[in-house]
Amino acid sequence: MRQLRRWTIALAAALLSPGLAAAQGQVAQGHAAKPERAVVAQAPAPAGKGDAKGDAKPAAQPAAPAEAPKEAPKEAPKPPPQTPISEQIKQIRAQLDAEKADLDQREQALTHRELNKDDLALLREGIPPVADRLRQVVDHLGPRLDAAKERLNQLGPKPKEPEGADVAQERAQREAGVAEIDDTLRLARSLLVQSEQITDQISNRRRAAFTRALFERTDGLVSPNLWMRATNDLSRDLRALKSSLDDSVTQVQRRGTALNLFLLALAIGVSVALYVGRRHIAPRIGHRSSKTAQPSRYVRVMAAWRVFLVGAVPAVLGSFLVGYALDVTELLPVRLLPAAHRIVASLAFVAVVEAMADALLSPDRPAWRLVAMTDATAERLNRLVIAIASVIAVGRTIEGLNEGISLSLPVTIVTKGVFAAVVAVVLAEGLRRFAARAETDEACLGPYIAAESHTGIGGPLRILGWIVVAAIGVSALVGYIALSSFLIDQLMWTAIAAAILYLAISSVDAVVSSALQDDSRIATALQANTGLRKRSLNQIAVLISGFVRVLLLTAAGVLLLASWGVDSTDIFAWAQAAFFGFTVGGVTISLSTIAIAIGLFTLGLVITKAVQRWLENTYLPATDLDPGLRNSISTVSGYVGFLLTIALAFSYLGLSLEKLTIVAGALSVGIGFGLQSIVNNFVSGLLLLWERPIRVGDLVVIGDNEGYVRRISVRSTEIQTFDRSAVIVPNSNLISGVVKNRVRGDRTGRVTITVSVLRNQDPVHAAELIAGCAKAHPEVLKEPPPRVVFRKIGDPFLEFELIAMITDVGSQAKVQSDLNFAVFKTLSDEGLIPNLGPGASIVTVQGLDAMQDAMGQIARMASPAALRPEARNEARPEPEAERRRTPETVP
């Protein structure tokens, strides 16, 4: 057949060669692909009919190209032929056609209403790979389309007048390239949307089926009809039970060889040994001694893990051995194997719950308890958890037997309902025991004091527990048996997940804390090798612990959502959509893009800081620039690097300058209302760095503060005073206020000293001595020379002022002190300043004559003789005589 097909194709090509030649002459009037398709479509007709008319048409068509050259000069220039589709685009089109066929087939299958959850899961499994391949195609063609459009834009808009043949050919080729890439990209995007829609349809149907099954109502436990139907079917169920027992006996007789019986007995014996031995081995391996008073959290967590693993692993292993032995030996009928597996699994479940409760609560050893609660609360909670686990295990075992024996539906409903009611009763009894009880009665009259509660279980947890009890009990009574069983499963699953999550979080905190936060070997090694401080290691430990907590909480949330009917593929699809991008209101938000942009921003800041540090510590100190200019260059380089980093991060996010106009408008409004001072200080800081009226290292006076400029930042300037205090001054105050810069032009300063000399000394000689002291100091400038100013001729002293210029204003206090010492010594040696002797016993105070007269008058008026007017006149002394009185004569 293949050879016959090849010969047929070759014969058709030979017959159609004249027609193909004629078609090539017409390519200049249109697209090349369309005439070829037309010829290929029309060619089979003459070959199939074989008449003369069909053969005459291909022979008559070659005459047209012969006449074309005569009319060619009169016609307008024809556009050049378009380039064919590239091979890569053809391959992508073929791939898209295959993906479209697959999606259409799945969408067609969704039209059937009889699909169960397994069929829906099978339809869903193949969609994520298809969507991933479509995303790869879109990601691959997007940049190619942008590049093709950019090359086309370089030719400019198409002119109205005819353009050159080369330009027209180039334009046609580029337009064809843009068109084929654009069409392929649109097809890929439409298929991607189709895959997402199919996924949503499958998820909606699965959720709808789950909801219908969950809220399906049957006869409740209070319905007499249910019990009547169960009674009527009792005889049938007994026959089914007897048939199952007979089948089991027959299967044992048929498969009960010595080897099979030995294997089953060995598995059961090992399982019993593991179950019994774990109770004696767990306390020894756990190392939870009652003599230890206060073990560390790390020791308690490790002991809890040992207790849990030693209590759970042997039980799980024993149940697995028994179940595996039953599968291998085939001693039970196939329909009873699930019931047997459920029995051994229920035993393992009870053992795991018991081990977890013992590990966390530690009822008999309070010092090793991980959860903070009283001994009574731990004991009650331990008993409640084990009781509920036992009831659930028995109920699941009975359900497995019902399914294996194939009991009637009413009996199955009664079994599940009674099981749900028993769980509700046990849980209610446990919550009742946790109720607050008064441990002591009031001993005296007085205001009522509420009884203390030592249960350790919070009120919200008890309220939630009572709500679950009511929901399970009411659902079982009114007929929502599936809902009650689902609530029991969620209660069990949530409790186990919460316990494992708490143990895992405690383990992470304990391990990280013992490794990094304490004086451990790891922390000491990190401090010695990396130079990190202990506080930095503590911060790293907190960050690691928080990150692991987020991961654990996410994993627990995924597990809990899976139990509520949410498929794991849906969760991973949501996570993938959130990470790689989702659209909200026409805006695509991608966590991966945001994370990479933050990484680029962080990397840019690190590089900027590194360059800035290199300039400050390596390059700029090797130049002849002053410290202020070096600080300005370093600060400006930091600003430039920060702006470039922001631009890089925004460009990666796809935010162009046009898209930032809204943000700029919002910032302008914010600046107008509340950011005026910040922008003012920022602009003032830029002006300080550009004009440099104040530089780092300058000695400035601002108000009552004087000190050195240590740092000029974006918002403020730091000034260090002489008492080592830091004064933060806003940059706007430095620009708009009055600032005294002592070293603006140079660092020379002036020192002034006031000197008093006795009046009976030669002032010229005194001035020469004072000036000589200044000239002898090494830090006093020679030019201009120090000079002495004769300020005042006083009553006992002559006052001089020494003015000297020094090399550095920073040493002003030191030079002034040195000159004071030198001048005092020189003048004392020359006798210009007398040495002060011991203090005199009589001190003469001048200028108190008026006060002395007033005090005398007051004393005379207070005497009895002064009360008579005549005595007052007779006793009044003359003022001159009163001035000559001594203090002893004053009455």
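Modeller: Two strands are said to pair if DSSP finds at least two bridges between them. In this predicted model, three strands meet that description and form an open sheet in the order E8-E10-E9, with antiparallel pairing. Strand E8 covers residues 749–758 and strand E9 covers 787–793; both stand at the edges with a single partner strand each, and therefore one side of each has no neighbour in the sheet. On average, neighbouring strands here are turned by 20° against each other, direction ignored.

The pairing of E9 with E10 (residues 797–806) is antiparallel and runs over six bridges. Within it, Phe 790 has Phe 800 of E10 as its bridge partner. Two helices pack on this sheet. Helix H28 (residues 763–776) touches E8, E9 and E10, and its direction makes about 25° with that of E10. Helix H29 (residues 812–829) touches E8 and E10, and the direction of H29 makes about 25° with that of E8.

Elsewhere in the chain there is another open sheet, this one of five strands in the order E6-E5-E4-E3-E7, again with antiparallel pairing. Its edge strands are E6 (726–730) and E7 (740–741), each of which pairs on one side only. Strand E5 (residues 716–721) and E6 are joined in the antiparallel sense over five bridges; Gln 720, for instance, has Ala 726 of E6 as its bridge partner.

Helix H26 (residues 676–691) contains Ser 684. This serine counts as buried because its relative accessibility is 4%, against a cut-off of under 20%. Leaving aside residues up to four places away in sequence, Ser 684 touches Asn 731, Ser 732 and Ile 735.

Ile 488 illustrates the packing: beyond four places in sequence, its contacts are Ile 392, Arg 396, Phe 419, Ala 420, Val 423 and Ile 472.

The length of H16 can be checked against expectation. Its 31 residues should span 45 Å at 1.5 Å a residue, and the end C-alpha atoms are 45 Å apart, so the two values agree. After H16 comes Ser 406, which has a positive phi near 65°.

The average pLDDT of the protein is 76, and 76% of the residues score at least 70. Residues 1–83 stay under 50, and for them the model has 22 contacts beyond four places in sequence.

How values were computed:
Residues numbered from 1 in each chain as written. Predicted model: local features only at pLDDT ≥ 70, side-chain atom pairs only at ≥ 80, totals over all residues. Heavy atoms only, no water. Contact = heavy atoms within 4.5 Å. Helix = DSSP H or I, 4+ residues; strand = E, 2+ residues; numbered from the N terminus. Expected span 1.5 Å × (residues − 1). Axes fitted to C-alpha atoms, helices over the stretch in contact; angles between N-to-C directions. pLDDT = per-residue confidence, 0-100. Buried < 20%, exposed > 50% of the residue type's maximum accessible area, 1.4 Å probe, protein only.
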